[in-house]
Amino acid sequence: MLVDRSSVEYFIDEGRHVHSHRVFPFPGDDHIRLFVNDGEATFRALTIRELKV
């Protein structure tokens, strides 16, 4: 999953499935939130890294 200021992209099954979504964060919002609608999700072995350019 790649997250930047205006988009979220995730890659499933070694890139066979890709989803991109534009986001519009609230001013001052500088956190990542994980959630699911109408179901359950389990996040296992989650590692978050900051990429520097």
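A: Let us begin with pairing: two strands pair if DSSP finds at least two bridges between them. Strands (E, at least two residues) and helices (H or I, at least four) are DSSP runs, numbered from the N terminus. In this structure, β1 and β2 form a hairpin with three residues between them.

Q: What kind of model is this, and how are its residues numbered?
A: This is a predicted model, in which local features need pLDDT of at least 70 and side-chain atom pairs count only at pLDDT 80 or more, while totals for chains, interfaces and linings use all residues. Residues are numbered from 1 along each chain as its sequence is written, and side-chain values use heavy atoms, with hydrogens and water left out.

Q: How many helices and strands does the chain have?
A: The chain has zero helices and three strands. Along the sequence, the pattern reads β-β-β. The radius of gyration of the chain is 13 Å, well over the 10 Å that the globule rule gives for 53 residues, so the chain is more spread out than a compact globule. This radius is taken over C-alpha atoms, and the globule rule is 2.2 Å times the number of residues to the power 0.38. The C-alpha trace spans about 30 × 30 × 20 Å along its principal axes.

Q: In what order do the strands of the sheet stand?
A: In general, strands of a sheet pair through backbone hydrogen bonds, either parallel or antiparallel. Here the three strands make an open sheet in the order β1-β2-β3, with antiparallel pairing. The edges are taken by β1 (2-3) and β3 (17-22), each with a single partner strand, so one side of each is left without a neighbour in the sheet.

Q: How many bridges join β1 to strand β2?
A: Two bridges join β1 to β2 (residues 7-12), and these strands run antiparallel. L2 stands opposite E9 in β2, and V3 has V8 in β2 as its bridge partner.

Q: Over how many bridges do β2 and β3 pair?
A: The antiparallel pairing of β2 with β3 extends over six bridges.

Q: What lies between β2 and β3?
A: These two strands form a hairpin with four residues between them. In the loop between β2 and β3 one finds D13, whose phi is near 55°, a positive value in a residue other than glycine. E14 also has its place in the loop between β2 and β3, and the phi of E14 is likewise positive, near 55°.

Q: Where is E50 placed?
A: E50 has its place in the segment after β3 and counts as exposed, at 66% relative accessibility. The C-alpha atoms of E50 and D4 are separated by 10.0 Å, although 46 residues lie in the count along the chain from one to the other.

Q: What percentage of the residues of the chain count as buried?
A: Of the 53 residues, 2% count as buried.

Q: How many positive and negative side chains does the chain have?
A: Lys and Arg count as positive and Asp and Glu as negative, while His and the chain ends are not counted. The chain has 7 positive and 9 negative side chains, and the centres of the two sets lie 4 Å apart. The place of a charge is taken as NZ of Lys, CZ of Arg, CG of Asp or CD of Glu.

Technical notes: Buried means under 20% relative accessible area, exposed over 50%, partly exposed in between (1.4 Å probe, protein chains only).
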